[in-house]
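These are my notebook entries on one structure.

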Amino acid sequence: MQQVWLDLADMTATAPLATLFCALAIAASLYTLLSVASLRRFARCRAPVKPWKSPGVSVLKPLYGAEEGLYENLLSFCRQGYSGPVQILFGVHEPDDPAAAVARRIVAMARAGKIEGAPAKLSVELVIDPAQHGANGKVSNLINLSGRVEHELVVLADSDIKVEPDYLCRLAAALQRPGVGLVTCLYRGMPLAGLWAKLGAMGVDYGFLPNVVTGVTLNMARPCVGATIALRRITLEAIGGFAAIKDQLADDYALGEEVRKRGLNVVLADFVVAHAHSERDVAEVWRRDMRWARTIRALDPLGYLGLAVSFPVAWALLALLASGFAPAATILTATALLCRMILQDEVDQRFPGYRHALWLGPVRDLFSFVIFVGSFIPGQIHWRGRDYALGEHGIMAPVGVEPSGEAEAEVA
């Protein structure tokens, strides 16, 4: 060990760049261990709970395209062990959207009473409404659906989310705590395809999830995640409805901030949901990750810069190269790899989900590092088949898209 410190001292004198990379690798390794400790403090998935009461719930599902696994994802929201009335609203902008066919199939099953495990009081509708209210197509979809909400509680979740049968019970119970205005959920990646889907899911499991948990533990993060957002209808109306966030790319984050402005708490549920990944090539993973990265950087530049300490393997490898493969840098690289493997194992033990091969962890870490560096280069983002320019405070504007004419809504 003494020799290692001597090697580090020698590097400090002769290779300042290698020293900088070593310092970053050490800091990142310590941060990784802090993330492991934070995950251990985070609440485990608990036994099924029942809310004190079971008010009616309206679930809003804005859809766009029939991504892989959509049928199973949507059906999981219909198979809920919830004693109160449940209304599920699927929304699309165009009748020929492939997602509409999937939604129609589920609507027909619900009306025929053929959904096994469905609540006793379940209604399912498909709303087709081309009206656009802002730059964010998903929020426009939510605005179109919101006029048909019937119940006291409102739950919205992305189309690529799959949930367990106690999902609504847990959300209703969490919303009934004093001072809670909104409940949100973390999520784990659920790969549906091959290698690229696995790498996409790993970015969620071993990057996003532990970073959020660590940020919450240190009181440095205020998450509100589109995987699930549950709030009271009266709260949604008090903030001006979804129209208040119609131009925000990070609509979930913006919605949480609007609720906080009303003096209400935004809390994390004590369970995670599954986020489907079906990326089939590197371009799909790149576009998705770059969109997330640039969005976070636009909302919190300093906090995003702080994520530099979440890449121990990348910094250690840079130190190894800059030092000419010095023994101290070699040991540091091995330490960084070990820390990331410990983190990966902790996530897999703490949260139910897909267990990825340990050897893929460093590959995903290096990919994430390239995304991190690339996100500082000015550029557009790609989302739902369109390119958008991202302005200050997460405001988005479509690039080269002419406004469409108005048309009437259709309900199936």
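I class angles under 35 degrees as roughly parallel, over 145 as roughly antiparallel, 65 to 115 as roughly perpendicular and the rest as oblique. The model is predicted: I use local features at pLDDT of at least 70 and side-chain atom pairs at pLDDT 80 or more, while totals for chains, interfaces and linings use all residues. Residues are numbered from 1 along each chain as its sequence is written, and side-chain values use heavy atoms, without hydrogens and water.

Entry: helix pair. I found helix H10 (residues 282-299) packed with helix H14 (residues 360-374) at an angle of about 55°, their axes 10 Å apart. The two helices are therefore oblique to each other. From H10, I list Val 282, Val 285, Trp 286, Asp 289, Met 290, Ala 293 and Arg 294; these meet Arg 364, Phe 367, Val 370, Ile 371 and Gly 374 of H14 (contact: heavy atoms within 4.5 Å). By class, this contact has eight nonpolar, one polar and three charged residues.

Entry: Ser 58. Is Ser 58 buried or exposed? Ser 58 lies in strand E1 (residues 57-62) and has a relative accessible area of 0%, so I record Ser 58 as buried (under 20%; exposed is over 50%, partly exposed in between, with a 1.4 Å probe and protein chains only). Beyond neighbours within four places in sequence, Ser 58 contacts Gln 87, Val 149, Glu 150, His 151, Leu 153, Val 154 and Val 155.

Entry: confidence. The protein chain averages a pLDDT (the predictor's confidence in each residue, from 0 to 100) of 87, and 86% of the residues score at least 70. Over residues 402-407 the pLDDT is below 50. Where pLDDT is low, the predicted coordinates should not be read in detail.

Conventions
Axes fitted to C-alpha atoms, helices over the stretch in contact; angles between N-to-C directions. Helix = DSSP H or I, 4+ residues; strand = E, 2+ residues; numbered from the N terminus. Nonpolar A, V, L, I, M, F, W, Y, C, P; charged D, E, K, R; others polar.
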